[in-house]
Amino acid sequence: MKVALVTGGAGAVGAAAARMLAEDGFRVVLADRAAERTQAICDEIVRDGGAAVVEAVDLLADGACQRLIARVAERFGGLDCLVNNAGMTGAPRIDTVDVAVWNAVLALNLTVPMLLAQAAQPLMKQSGGGSIVNVASRVYLAGTGVAYTSSKSGLIGLTRVLAVQLGPDNIRVNAVAPSFLNTPFNEKIVTENAGLAASFRKMSPLGRLGTAEDVAGAIAFLASPRASFITGDVIHVCGGTQLAPQPDAAGADHNQPELHGRSAIS
Ligand SMILES: NC(=O)c1ccc[n+]([C@@H]2O[C@H](COP(=O)([O-])OP(=O)(O)OC[C@H]3O[C@@H](n4cnc5c(N)ncnc54)[C@H](O)[C@@H]3O)[C@@H](O)[C@H]2O)c1
């Protein structure tokens, strides 16, 4: 049975990804510092016929990443999929950046995925290869939040470097970049800025916010053999909000009468 490790497994996206990976036949290790919540999600997966276990861990503690991978090796003897999903926000504005918060955001969102990938490489190689999926964010295209955007942009860079360096071990490395989701992660932001969710809904040609399950679908795809020749890539789980804003579609044709000397319409 293939083994998948999901960090932040008690969160909205992590839990949805863990459920989907379990449905796809993975034995799932849910790693999160929220021990009780993680256990409840694990119990649910098992009740539904999946295979799952909990590793209660604060990923920011010294040596935690190395110990976590060592525990996976000890319990299962291999690792086929690593989902670097645990993440946090903070230090949004340059004029008020608290360096301690900046460091924590960079540590959880960027350093932890690097350390986990580093520790996982020999184990995945031993398993004949694997898939690493980094949960980034659409913010790398937009520039929202000093520490968060910097960390998630770095995570996209890390994804590309790891794809090159781990490819020879048959380890594929990709990222998903979700837009603003309808999850508790955004509760505080939504409370402080009631119009934000509505704006994101309006920005999407699909006219809705993304869900944790939307993101989990992309993660499960990248973890599966269906994505066997995809590496170093980013899947935007953004409902089209990654596209540059367009002028009104009906007016657009009329405003472009000529393209290379031909009618834009013909
Ligand atoms: N929710 C969104 O709108 C959104 C959009 C784009 C990207 N993302 C990214 O998706 C990922 C998951 O988001 P979510 O909405 O599920 O968030 P969430 O807050 O529901 O889940 C995050 C999980 O990480 C865990 N965690 C935090 N710090 C930890 C630590 N030090 N050690 C161990 N576990 C720790 C938390 O306990 C929590 O269960 C994050 O990386 C986030 O940046 C979220």
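**Strands and buried polar residues**

Reader: Which residue of strand β4 stands opposite Val-6?
Author: This is a predicted model, with residues numbered from 1 along each chain as its sequence is written. Local features need pLDDT of at least 70, side-chain atom pairs 80 or more, while totals for chains, interfaces and linings use all residues; side-chain values use heavy atoms, without hydrogens or water. β1 (residues 3–7) and β4 (residues 81–84) pair in the parallel sense over three bridges (pairing takes at least two DSSP bridges; strands are DSSP E runs of at least two residues, helices H or I runs of at least four, numbered from the N terminus). In β4, the residue opposite Val-6 is Val-83.

Reader: What is the bridge partner of Val-3 in β2?
Author: β2 covers residues 27–32. β1 and β2 run parallel, joined by five bridges. In β2, Val-3 has as its bridge partner Arg-27.

Reader: How many residues of β1 are buried?
Author: Val-3, Leu-5 and Thr-7 point one way from β1. Ala-4 and Val-6 point the other way, and these residues too are buried (under 20% relative accessible area, with a 1.4 Å probe and protein chains only). β1 is largely enclosed by the rest of the structure, because the buried count is five of the five.

Reader: Is Glu-55 buried or exposed?
Author: Glu-55 sits in strand β3 (residues 51–56). Its relative accessible area is 9%. That makes Glu-55 buried.

Reader: Which arginine side chain makes a polar contact of 2.7 Å with the side chain of Glu-55?
Author: Leaving out residues up to four places away in sequence, Glu-55 touches Val-29, Leu-30, Ala-31, Asp-32, Leu-68, Arg-71 and Arg-75 (heavy atoms within 4.5 Å). The side chain of Arg-71 makes a polar contact with that of Glu-55 at 3.1 Å. The contact of 2.7 Å is with the side chain of Arg-75.

Reader: What is the relative accessible area of Asn-174?
Author: Asn-174 lies in strand β6 (residues 171–178). Beyond neighbours within four places in sequence, Asn-174 contacts Ile-132, Val-133, Asn-134, Thr-159, Leu-222, Ile-230, Thr-231, Gly-232 and Asp-233. Asn-174 is buried, with a relative accessible area of 0%.

Reader: Which residue's backbone nitrogen does the side chain of Asn-174 reach at 3.2 Å?
Author: Gly-240 is 66 residues from Asn-174 along the chain, and their C-alpha atoms are separated by 19 Å. The contact list of Asn-174 includes Thr-231, Gly-232 and Asp-233. At 3.2 Å, the side chain of Asn-174 reaches the backbone nitrogen of Gly-232.

Notes:
Buried means under 20% relative accessible area, exposed over 50%, partly exposed in between (1.4 Å probe, protein chains only). A polar contact is a pair of N or O atoms within 3.5 Å; within protein, one must be able to donate a hydrogen and the other to accept it, and residues adjacent in sequence count only if both atoms are side-chain atoms.
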